[in-house]
Protein chains: 2
Amino acid sequence: MNCNVVKGTRDFLPSQMNKRNYIFSTIEKVYKAHGFVQIETPALESLSTLMGKYGEEGDKLLYKVLNSGDFLDEIDFANLETQDYKKLSNRISEKGLRYDLTVPFARFVVAHRNDITFPFKRYQIQPVWRADRPQKGRYREFYQCDCDIIGSNSLLNEVELLQIIDEVFSFLNLKVQIKLNNRKILAAIAQMIGQDDKLTDITVCIDKLDKIGFKAVCSELKERGLNEQDIKTIEPILHLEGSAQNKISNLKEVFSQIEIGQKGLEELESVFFYVKTLNLKTPIDFDITLARGLNYYTGAIVEVKCEETVMGSITGGGRYDNLTGIFGLKDVSGVGISFGADRIYDCLETLERFPKDIDLNTQVVFLNFGDKEVSQCLLSATELRGKDVLVEVYPESAKLQKQMKYANDKHVPYVVMIGQRELEAGQAVVKNMVSGEQSNVVLAELTDYICQALGA
Amino acid sequence: MNCNVVKGTRDFLPSQMNKRNYIFSTIEKVYKAHGFVQIETPALESLSTLMGKYGEEGDKLLYKVLNSGDFLDEIDFANLETQDYKKLSNRISEKGLRYDLTVPFARFVVAHRNDITFPFKRYQIQPVWRADRPQKGRYREFYQCDCDIIGSNSLLNEVELLQIIDEVFSFLNLKVQIKLNNRKILAAIAQMIGQDDKLTDITVCIDKLDKIGFKAVCSELKERGLNEQDIKTIEPILHLEGSAQNKISNLKEVFSQIEIGQKGLEELESVFFYVKTLNLKTPIDFDITLARGLNYYTGAIVEVKCEETVMGSITGGGRYDNLTGIFGLKDVSGVGISFGADRIYDCLETLERFPKDIDLNTQVVFLNFGDKEVSQCLLSATELRGKDVLVEVYPESAKLQKQMKYANDKHVPYVVMIGQRELEAGQAVVKNMVSGEQSNVVLAELTDYICQALGA
């Protein structure tokens, strides 16, 4: 009998859970500090909610769940061979697994619009599923950690998200760089060369600049229908260097006749102004080549990279002006970010940045010397738990060596032994598992003794 | 565009999340205090892992996930009509959604047997899915909160689980009753009338005693093949009353010739002995009619009912001697319990036992009087967050009334106002939202002032 997990999914052992929980709780702590509240949505959503929201490629990566019961009742078998797979799978499946947290959140906002207070600041930490080809660092089931502010146009929301990124990575002790751009600036570039309709093509190419270089980007732009003159117009923009303020000043001239460009620059300038006020630790770079794949972004877009190890984007997000529109609620602007917990995990693991005591679970193990002695252990253990100490009583009077090995494997700092002799003397032997030191302690003072030892 | 959830699934609003997290964290706190460590398993499992583990009825309730890609490639269309649905669905689907946490845990133990220390004490809090007909209190997606000790036969494990139940419901302030029985005693009853093979039939009938009464149970037993004499033999057992010790003494005589019965009574007696030592608050009743549906139980079985409101079993569990056997690892005994978070939620809601301050999220909102004043708010808010205060700055300089409504809706205890006049005077106005009292505070002392006010 096979005991493997499904390809692309993972079991998490206790030590991995400790590390994952450390990341989740750090993110959650910062979200809460900024007044975000938690929601959850179901793993199962109607396919009508999910389909068409993630592009054609996304539709293919949706996990579809079979209708229960006799789902073939209505299939026309006579014509089955002429039907394509897509139609048949739509017939036999009406539900799918959540693909991200953003679309379910948009549905949630519309469904509960009368129960929530706007601006609504929510966070959500749940798994998502994608029928992707598994690779190193790419899983079919993985967690997303999102926060969004919906129902407010204010750029202070963008500022708050940058502050959150800064605080999370400070707590995690990871040096990162934030890349900031604005979709309106990308739109202005397309408009400048009179190719508004090619916005996506252009941004997809520009996005590759730091990977493939300027020359290759140019030939791709040509392939997508830009001419020499177009590229000449764009070129100086892509070569802009210097500080964010410098780039902004230059672009103000370049976009002097393009309203959407001016608007994008104003937004950026305003965000940089507040960020400076807050004196964030994380450097923020205005990166005009940053595009981000998702088409629903309309304003600020942001991505975070680790400066200490090679890893793709570990956090990203942006502003969307009409995400709830697809569910019938118009003119509600939102902005959000998502921390990539799995990649952050890999960074912290590579750099050995997880706290040293992260695997500390049980603090005291009472060894078991038999039925008579164990009753006292149960009582003393209960008393210690009353003082918030994490305590186990070894369940069997196994060989001492085996019990000690158990305590060692669990990295337990203290072991308590109450054998027949100790019981008669009203004492316990406390062993410090790090120093090896043993002390005799009167039973009535055992709780105080251990609490003090753990506090030291 | 529909914005509803799938039938039988739920969105959780922030106030519901607060209540759910209260239950989860209470359970988790107790698990950790007893040295249990957390694991997670994937939502998606191979159907071969899941099928046949939950009985025929369970197989029908499994959610099956469509294979991605051209899953119909290997279907023989010519013969399709003669194939039944079950076969076809097996062809087009290889994965399913987790139905409970116990079978995935058994798989986990076998897969990672070389990476874990036995006895292995794990807890797991994750959702499960069942394609059941939705009803009040019955969902298609719901959380289970399990803990198990695997790799130890000791009855101290049963005792620890009873202690955990006692502690969890004490923390939750719910009066409950624990019902305890042992599968070996049920086996002894079947053996006593020479009907070992009818164990399941008999237990299913006996289980209904408090619902349908003795007479109806007798006629059901007859339907299932027991004769008058058999029933006469069983009758006095079902009528046993008095204390647990009383029932055990009586049964010792009844089962004097039945080894498995003697063993079951010994186990029960031993558990009751230790429970008495620990002086648990929760009454524990030896209920010989308690059967529990799952066939993998082999020793102690336990169920918990709320004494203050009408609700089915809110926690249950038992010992299983060979659950990992199905994945190829023999002779590993385990015992575990599962808290039913949804039902516990309903009990606490009905009895209004959730803590009064459960919806307290944001503690301070800074009102927004415009671009100039808001910079100071951002700085003061950041300083307060450094002291672990949960703080928001209202993102827009909206009408004062709207901003106040926001703070009110979020039950925020303090609002801070820094308008033009305050900014010039280097002051802030702090409003206590409960008393309505307003105080002028020097900006440099704002953090201390609020920390003190919140502490009071």
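Lys and Arg count here as positive and Asp and Glu as negative, while His and the chain ends are not counted. Each charge is placed at NZ of Lys, CZ of Arg, CG of Asp or CD of Glu. On that basis chain A carries 55 positive and 65 negative charges, and their mean positions are 2 Å apart.

This is a predicted model: local features need pLDDT of at least 70, side-chain atom pairs count only at pLDDT 80 or more, and totals for chains, interfaces and linings use all residues. Residues are numbered from 1 along each chain as its sequence is written, chains are lettered from A and ligands numbered from 1 in written order, and side-chain values use heavy atoms, without hydrogens and water.

Start with the overall form of chain A. Its C-alpha trace spans about 95 × 70 × 45 Å along the principal axes. The radius of gyration is 29 Å, whereas a compact globule of 456 residues would be near 23 Å. That radius is taken over C-alpha atoms, and the globule rule is 2.2 Å times the number of residues to the power 0.38. Chain A holds 17 helices and 16 strands. These are DSSP runs numbered from the N terminus: helices are H or I with at least four residues, strands E with at least two.

Now the interior. In chain A, 57% of the 456 residues count as buried. Buried means under 20% relative accessible area, exposed over 50%, and partly exposed in between (1.4 Å probe, protein chains only).

Aromatic rings come next. Rings of Phe, Tyr and Trp (its six-membered ring) pair if their centres lie within 6.5 Å; planes under 30 degrees apart are stacked, over 60 edge-to-face, the rest tilted. The count is 28 aromatic pairs over all chains. Y31(A) and F36(A) make a tilted pair, 6.0 Å centre to centre with 45° between the planes. Both Y31(A) and F36(A) are buried.

Finally, look at the backbone. Most residues other than glycine have a negative phi, and most peptide bonds are trans. The bond from F118(A) to P119(A) is cis, with omega near -5°. P119(A) sits in the loop between α5 (102-111) and β5 (120-129). In chain B, D331(B) has a positive phi near 55°. D331(B) lies in the loop between β10 (315-320) and β11 (334-339). Its relative accessibility is 74%, so D331(B) counts as exposed.
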